[in-house]
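Open the model in your viewer and keep the selection tool at hand. This tour goes stop by stop.

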Amino acid sequence: MKKILSVIIIMIAITLLHHTAWAEWLGPQEIVVGTWGSGSGQFYFGAGDSGDDFPRDFGVDSRGRIFINDEGNGRIQIYSTTGSLEKAINAPTGVNIYGWPYNIYVHPDGALIASYEGPQKFFFDSSGNFVTKVDVYGPAYPVSQGFILYVTDKTYSLYSPTGALIRTTTERPLELGKVSEKKTAAGYTYTIQYPDLVNPNTVKTYTVSRLYPCSNYTRDKNGNLYCIGDNGVIRFDEQGNEIASVIIPESSFQEIPRGPGVEPKIKVIAQYGEPVISPTGDVYTWKRTPERYSIIKWTWRP
């Protein structure tokens with residue numbers, strides 16, 4: 001009997017170790033791929049002395065749909081989870097396509113805010129149809145109930161996904177996360193607080209200890225915590241232990257000489273953007289080469 005019990009315990013331990021060992025991100029995989037241009041499925045590109053102009057702003061919803069701010073072409077392109085073009089949202093009637101949209105903010109259910117010229121925020125439903133417009137300065141933050149809009153006089157307004165005002169507060173909402181940092185002899189300790197997912201009236205606290213600083217934290221819809229840096233993402237369990245990481249590939253450039261006394265021309269071989277966390281915990285970023293633009297993805301496997 002003892003022998004059988006020992007075997008069972010060993011098998012359970014092996015199963016748990018196997019499960020832990022295979023908790024990781026798989027990838028990267030190119031999802032959206034397009035060339036430069038203004039046609040269907042293409043993306044705007046403009047070369048400039050101070051920097052090139054191309055899509056850097058994008059978001060992902062819970063279904064894995066990808067929303068790309070193709071500002072140079074005056075549109076938002078929506079792609080399916082497999083990378084096929086679903087819809088292009090053009091500027092609403094009366095809005096100049098040049099400089100629209102300035103920013104986009106994607107809700108987990110697929111609703112969308114596109115900002116333009118100061119306070120203008122345009123709300124679209126999950127099918128990409130225009131719903132309403134509100135005039136509120138500052139950025140928007142997707143949360144479970146809708147969008148929190150930050151106003152310049154330090155007030156926060158919560159709007160539903162369809163643009164209805166729910167409430168306004170002068171205190172930073174806990175839905176945006178509260179992060180405190182403490183320097184220790186061993187590095188840094190962070191305390192991160194969010195509303196509890198089961199009981200939103202209580203607080204969920206995460207404690208993370210790190211050798212190096214990292215104050216940009218976010219949480220997915222399932223309560224998993226992430227630290228986002230310029231070149232990668234770290235995922236933590238509920239006890240604050242690091243369980244997986246993704247490193248964004250390093251961009252590569254080539255210097256092309258242009259003669260004595262003239263700075264060399266910089267040619268992009270491959271450039272990558274900052275990571276974006278989807279509501280389900282997958283990691284995305286953009287990639288551009290001289291020939292094409294793409295969105296690449298690392299898929300979370302528990």
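Select Lys-183 and Tyr-188. Lys-183 lies over the face of Tyr-188, 5.1 Å from the ring centre. A charge sits over a ring if NZ of Lys or CZ of Arg is within 6 Å of the ring centre and within 35 degrees of the ring normal.

A word on the source: this is a predicted model, in which local features need pLDDT of at least 70, side-chain atom pairs count only at pLDDT 80 or more, and totals for chains, interfaces and linings use all residues. Residues are numbered from 1 along each chain as its sequence is written, and side-chain values use heavy atoms, with hydrogens and water left out.

Next, pick Arg-235 and Trp-300. The charged end of Arg-235 sits over the ring of Trp-300, 3.9 Å from its centre.

**Ring pairs**

Rings of Phe, Tyr and Trp (its six-membered ring) pair if their centres lie within 6.5 Å; planes under 30 degrees apart count as stacked, over 60 as edge-to-face and the rest as tilted. The count comes to 17 aromatic pairs. Select Tyr-150 and Tyr-156: their ring centres are 5.1 Å apart and their planes at 50 degrees, so the pair is tilted. Tyr-150 is partly exposed, at 23% relative accessibility. Tyr-156 is buried, at 11%. Buried means under 20% relative accessible area, exposed over 50%, partly exposed in between (1.4 Å probe, protein chains only).

Move to Tyr-217 and Phe-236. Their centres lie 6.3 Å apart with planes at 45 degrees, so this pair is tilted. It links distant parts of the chain: Tyr-217 is in strand S17 (residues 217–219) and Phe-236 in strand S19 (residues 232–236), 19 residues apart. Strands (E, at least two residues) are DSSP runs, numbered from the N terminus. Both Tyr-217 and Phe-236 are buried.

Now select Trp-36, Phe-43, Phe-45, Phe-54, Tyr-79, Trp-286 and Tyr-293. They form one aromatic cluster.

**The disulfide**

Show Cys-214 and Cys-227. A disulfide joins them, S to S 1.3 Å; the criterion is a pair of cysteine sulfur atoms within 2.5 Å. Cys-214 lies in the loop between strand S16 (203–210) and S17, and Cys-227 in strand S18 (residues 225–229), so the pair ties together parts 13 residues apart in sequence. Both cysteines, Cys-214 and Cys-227, are buried.

**The core**

Last stop: select Trp-25, Val-233, Val-246, Ile-277, Val-283 and Trp-298. Of the 15 residues in the largest nonpolar core, these touch the most other members. A nonpolar core is a set of buried Ala, Val, Leu, Ile, Met, Phe, Trp, Tyr and Cys residues joined through side-chain atoms within 4.5 Å. Strand S25 (292–301) is one of the strands that supply at least two residues of this core.

Conventions:
Helix = DSSP H or I, 4+ residues; strand = E, 2+ residues; numbered from the N terminus.
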